[in-house]
Amino acid sequence: MFKHIHATNYGIDISRGRLDSFDKEIIKYAFEHKGRRVAVNIGCGAGKVSIILALIGFDVWLYDIDDLREYYARVGEVLGIENKLHFTRCDIRDMFQVSQNITRGAGQENVCAISVPNDIAIAISQRVLHHVPYPDAECVINGLYKNMIANGKLFLSVSGVECKFAGGYTCAREPIERRFCDVGDDGEIYSVYNAVCLYTQSEVVHLLQNAGFIVQDIETTRFGNHRVIVSK
Ligand SMILES: C[S@@+](CC[C@H](N)C(=O)[O-])C[C@H]1O[C@@H](n2cnc3c(N)ncnc32)[C@H](O)[C@@H]1O
């Protein structure tokens, strides 16, 4: 049921395989959370952690540019959570009507009307945000902040300038606002074929604090991804 063949241009969809320690943090927090149970997953892929949240009663709103409608319909049906999983195929840059001057490839037009809840308690975005230019990432993070409840938490992981696929990343020294290029040969190993904006740890902190979030925890993994937990 969980088999999901992924278009690989945007990196490996880890969420269809193992649950890592960050996923476990999210699940632990979700179990303890009291009040409205609304979660979003931005660039969800196969979204295993989100399926677990739906199973424990969260309404989960999922967004991805990949067409995962059938996959989530099937998961919902088999697990009896079709009324808890709300998948929308879209470009995350369109979620908060923020897209400006973005050139999309064939088949990547604005493919849907996008509905985003405004009482988000848990937001998740793992291994996705570096796939959009920094000004778009800012709009997504600002939009998320506005749509979250007080004390809502965002669990974000984003790839770093020194991550394992950044060997041929020629724009690393560009200012973050203009930093967006291919990663060179290593991209093939990790299925990263499109331009990316890779971050230093302090740039991730700046992005989140600028939106108003309070950083609670940040670490950089051995792979070189920055994992951050912030609250509103
Ligand atoms: C490396 S996978 C990560 C999937 C999942 N979040 C995980 O934790 O493994 C990147 C995901 O981001 C999606 N993606 C990349 N750029 C996107 C965009 N601009 N809008 C929406 N989804 C995007 C891809 O389709 C893919 O599912």
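Author: Below, each description is set against the definition behind it.

This is a predicted model, in which local features need pLDDT of at least 70 and side-chain atom pairs count only at pLDDT 80 or more, while totals for chains, interfaces and linings use all residues. Residues are numbered from 1 along each chain as its sequence is written.

Reader: How do you know how many helices and strands the protein has?

Author: Both are DSSP runs, helices (H or I) of at least four residues and strands (E) of at least two, numbered from the N terminus. On that basis the protein has 6 helices and 7 strands. From the N terminus their order is α-β-α-β-α-β-β-α-β-α-α-β-β.

Reader: What makes strand E3 and strand E6 edge strands?

Author: Two strands pair if DSSP finds at least two bridges between them. The open sheet of 7 strands has the order E3-E2-E1-E4-E5-E7-E6, with mixed pairing. E3 (85–89) and E6 (214–220) each pair on one side only, and they are the edge strands. From one strand to the next, the twist averages 10°.

Reader: How do you know that E4 and E5 pair, and in which sense?

Author: Strand E4 (residues 120–126) and strand E5 (residues 148–159) share 6 bridges, in the parallel sense, against a requirement of at least two. Ile122 has Lys153 in E5 as its bridge partner, and the partner of Gln126 in E5 is Ser157.

Reader: Why is the crossover between E4 and E5 called right-handed?

Author: The term applies if, with the strands pointing away from the viewer, the path from the first strand over the helix to the second runs clockwise. Here the chain goes from E4 through helix H4 (residues 134–146) to E5, and this β-α-β crossover is right-handed.

Reader: What joins E5 to strand E7?

Author: E5 and E7 (residues 225–231) run antiparallel and are joined by 7 bridges. One of the bridge pairs is Phe155 with Ile229 in E7.

Reader: Why is E5 described as largely enclosed by the rest of the structure?

Author: A residue is buried if 20 or more other C-beta atoms, placed from the backbone, lie within 10 Å of its own. In E5, 9 of the 12 residues are buried, so this strand is largely enclosed by the rest of the structure. Of the 232 residues of the protein, 43% count as buried.

Technical notes:
Axes are lines fitted to C-alpha atoms, for helices over the stretch in contact, and angles run from 0 to 180 degrees between N-to-C directions.
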